[in-house]
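Visitor: I have a structure open here and would like to go through it with you piece by piece. Could you take my questions as they come?

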Amino acid sequence: MSTPQPGLFAGKTPNEDVPSASTMRPGRSSWVLFMVLVLYGVLAVLVIFNGYQEYQSLVALQGGAATEDSLLYRLVLSNGVLLVLMLIAPAVLMYLLVGREKELRQMRIQHEALQSQLRYQSFHDPLTSLPNRMLLEEQLNNRIASASRSGKRFLFLLASLTDFKRINKNLGYEIGDDVLRTVAQNIVSGLRDADVVARFDGDVFAVIGDINEKSEANIIARKVQHALSRPIDVADSPLTVSAVIGAAIFPDQGKDMTVLIKHADDAVSKARSAGTNQIVFSEEDASSGMDRLALITGIKDAMLAGHLSMVYQPKLTLTAPDTHSFEALLRWQHPEHGLLPCDMYIPLVEQTRHIIDLTHWTVENVFSTQRELMDRGVRVSIAVNLSARVLDEDGFPLWVERMIGQYGLDPALVRFEVTESAIMQDSERALQVLLQLAAIGVGLSIDDFGVGHSSLAYLSRLPVDELKVDKSFVVNMIKWEGDRAIVRATINLAHDLGLSVVAEGVEDMDQAAMLREMECDMLQGYYISHPLSEEQLQQWISSQAA
């Protein structure tokens with residue numbers, strides 16, 4: 001069982017005002033000892049001086065009748081015992097005081113250790129050593145206050161084991177405790193040091209993690225799901241637990257602790273209703289004051305008013321460095337609420353026919369950019385994401401073909417990305433639309449491969465020429481052998497099917513080097529480049545050519 005990591009919970013706990021051993025005021029024993037020694041020194045001087053005076057008096061009285069030895073003998077008898085006692089007493093006193101000082105210091109250390117232990121026990125779960133709900137709520141309030149000042153977002157997630165009662169009943173409570181400890185360790189080891197992990201309730205764990213976009217929240221949720229799915233050794237036999245995950249995002253689903261917890265808990269209930277091993281994000285929007293209807297209807301005005309724009313994230317081709325490929329991403333700069341994250345409005349717009357208009361607007365803007373670049377002598381391939389709703393449109397392939405002709409583009413430079421989940425909503429219908437698009441000569445990619453539900457048999461039927469490995473596997477491939485094996489297997493599978501492979505979410509040099517060794521065809525992620533505006537896109541192309 002792992003101990004809590006140093007970065008797991010930052011900030012003071014309510015009892016941290018208790019002073020430590022290094023900050024306690026030193027005892028007064030040394031000062032008392034010094035005063036006693038001074039006092040005894042003064043008394044010793046007085047005794048010696050008195051003895052000397054007495055010696056002089058005896059000499060004067062006895063005159064020559066007494067020898068010097070007899071005088072000293074009488075003097076020692078009268079004062080020597082007192083002098084010896086005074087010289088020995090400080091040493092004895094010093095011994096006693098030093099012993100008492102050591103005893104008091106030891107008692108103080110034991111008291112502080114007990115205080116620290118009690119403080120730790122008050123704010124941590126005794127079974128898993130994770131922060132308990134009391135400390136979680138305090139840290140959640142601290143995170144809300146900090147995020148409110150900085151304008152940042154964070155994820156609050158609850159992971160509930162769905163079959164833990166069965167484990168307790170069939171295998172016993174001791175095994176159940178071992179399972180909880182192992183699950184806690186797996187979750188902590190699978191997340192970043194800055195992420196907060198706590199035991200929220202008996203078989204419920206909580207996670208707090210900083211994010212910029214909901215896609216990052218999905219990555220964290222999948223990391224937790226991956227950690228929960230790892231087999232646990234019980235009596236030399238692997239045991240797998242099932243769980244559901246519910247999540248809420250600050251400030252999208254609430255600006256105070258109670259609301260965030262409620263939304264995450266409601267999402268857990270929805271996930272449990274949907275089946276085992278489900279991840280559900282709360283859809284309640286409490287951040288901007290914009291209702292869903294305003295978002296849906298506002299997208300049309302945004303297209304007309306020029307509030308929408310495109311950015312382009314490069315995809316670095318390892319096998320052909322001179323090839324320029326990008327993915328087009330939509331941005332909505334709302335006049336009142338600022339930049340709106342795509343995950344805030346795209347799922348809503350997809351429920352209406354506005355998604356068709358939005359797709360047409362996106363495609364035409366991308367085609368216009370490609371035409372401008374072609375006029376400058378630069379050929380670039382730009383991919384556009386398609387929603388499941390677009391795959392239901394009979395006329396979409398014909399419209400694409402007409403637009404390609406209107407802008408005078410090479411169909412080979414046009415690419416559409418479709419997620420596995422979008423294809424599987426109506427697989428046969430999606431297959432027909434993809435076949436028509438492939439007949440035009442455009443490129444087709446399966447996005448987020450590995451997290452959907454498409455079978456390998458169905459994959460072989462799709463007219464796609466590219467797979468994009470989901471970023472949730474790439475970000476952990478250095479750390480987790482399982483994710484590394486999935487990435488390697490996906491690359492090999494794609495190559496066996498004659499497809500090229502794009503690895504999403506590449507964030508550092510080690511990931512890039514490993515993907516190169518695996519013979520991945522293309523890399524995409526912040527290590528390569530952040531999304532670029534149209535002007536920055538042209539600068540990027542020029543820099544790559546140089």
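Visitor: Leaving aside its neighbours within four places in sequence, which residues is asparagine 168 in contact with?

Guide: Bearing in mind that this is a predicted model, asparagine 168 is in contact with Tyr173 and Gly176 once its neighbours within four places in sequence are set aside.

Visitor: And where does asparagine 168 lie, and is it buried or exposed?

Guide: Asparagine 168 lies in helix 4, and it is buried, with a relative accessible area of 14%, where the cut-off for buried is under 20%.

Visitor: At what angle do helix 4 and helix 5 pack?

Guide: Helix 4, residues 164-171, packs against helix 5 at an angle of about 140°, and the two axes are 7 Å apart. That makes helix 4 oblique to helix 5, given that only angles over 145 degrees would count as roughly antiparallel.

Visitor: Which residues meet there, and what classes do they belong to?

Guide: From helix 4 the residues are Phe164, Ile167, Asn168 and Leu171, and they meet Tyr173, Ile175, Gly176, Val179 and Leu180 of helix 5. Sorted by class, this contact of helix 4 with helix 5 has seven nonpolar residues, two polar ones and no charged ones.

Visitor: Switching to the sheet: what is the strand order?

Guide: It is an open sheet of five strands in the order 2-3-1-6-7, and its pairing is mixed. Strand 2 (196-201) and strand 7 stand at the edges with a single partner strand each, so one side of each is left without a neighbour in the sheet. On average, and with direction ignored, neighbouring strands of this sheet are turned by 25° against each other.

Visitor: Which strands does helix 5 touch when it packs on that sheet?

Guide: Helix 5 touches strand 1, strand 2 and strand 3, and its direction makes about 5° with that of strand 3.

Visitor: How many bridges join strand 1 to strand 3, and how many join it to strand 6?

Guide: Strand 1 is joined to strand 3 by eight bridges, with the two strands running antiparallel, and eight bridges also join strand 1 to strand 6, again antiparallel. To pick out specific pairs, leucine 157 has valine 207 as its bridge partner in strand 3, while leucine 155 has isoleucine 249 as its bridge partner in strand 6. Further along the sheet, strand 2 and strand 3 run antiparallel and are joined by five bridges, with alanine 198 standing opposite alanine 206 of strand 3.

Visitor: Why is strand 1 described as largely enclosed?

Guide: Nine of the nine residues of strand 1 are buried, so the rest of the structure largely encloses it. Both faces are covered, with Arg153, Leu155, Leu157, Ala159 and Leu161 buried on one side and Phe154, Phe156, Leu158 and Ser160 buried on the other.

Visitor: What do the buried residues of helix 6 pack against?

Guide: They pack against strand 1 (153-161), helix 5 (173-190), strand 3 (204-211), strand 6 (243-250), strand 7 (279-281) and helix 15 (471-474). Among those buried residues of helix 6 are Glu216 and Lys223, along with Ile219, Ile220 and Val224.

Visitor: And what span should helix 6 have from its length?

Guide: At 1.5 Å a residue, the 16 residues of helix 6 (residues 214-229) should span 22 Å, and this agrees with its end C-alpha atoms, which are 22 Å apart.

Visitor: What about strand 11, which strands is it joined to?

Guide: Strand 11 runs parallel to strand 9 (residues 324-334), with four bridges between them, and also parallel to strand 12 (residues 414-419), again with four bridges. Histidine 324 stands opposite valine 380 of strand 11, and valine 384 stands opposite phenylalanine 416 of strand 12. Five of the six residues of strand 11 (residues 380-385) are buried, so this strand too is largely enclosed by the rest of the structure.

Visitor: Last topic, backbone geometry: which residues does the cis peptide bond join?

Guide: The cis peptide bond joins phenylalanine 250 and proline 251, with omega at about 0°, and proline 251 is found in the loop between strand 6 and helix 7 (257-274). Most peptide bonds are trans, and most residues other than glycine have a negative phi.

Visitor: On phi, then, where is serine 129, and is it buried or exposed?

Guide: Serine 129, which is not a glycine, has a positive phi of about 65° and sits in the loop between helix 2 (68-123) and helix 3 (133-150). Its relative accessibility is 12%, so serine 129 counts as buried. Glutamate 519 likewise has a positive phi of about 65° without being a glycine, but at 56% relative accessibility glutamate 519 counts as exposed, and its place is in the loop between helix 17 (509-517) and strand 16 (522-523).

Terms used: Residues numbered from 1 in each chain as written. Predicted model: local features only at pLDDT ≥ 70, side-chain atom pairs only at ≥ 80, totals over all residues. Heavy atoms only, no water. Expected span 1.5 Å × (residues − 1). Buried < 20%, exposed > 50% of the residue type's maximum accessible area, 1.4 Å probe, protein only. Contact = heavy atoms within 4.5 Å. Axes fitted to C-alpha atoms, helices over the stretch in contact; angles between N-to-C directions. Parallel < 35°, antiparallel > 145°, perpendicular 65-115°, else oblique. Nonpolar A, V, L, I, M, F, W, Y, C, P; charged D, E, K, R; others polar. Pairing = 2+ DSSP bridges.
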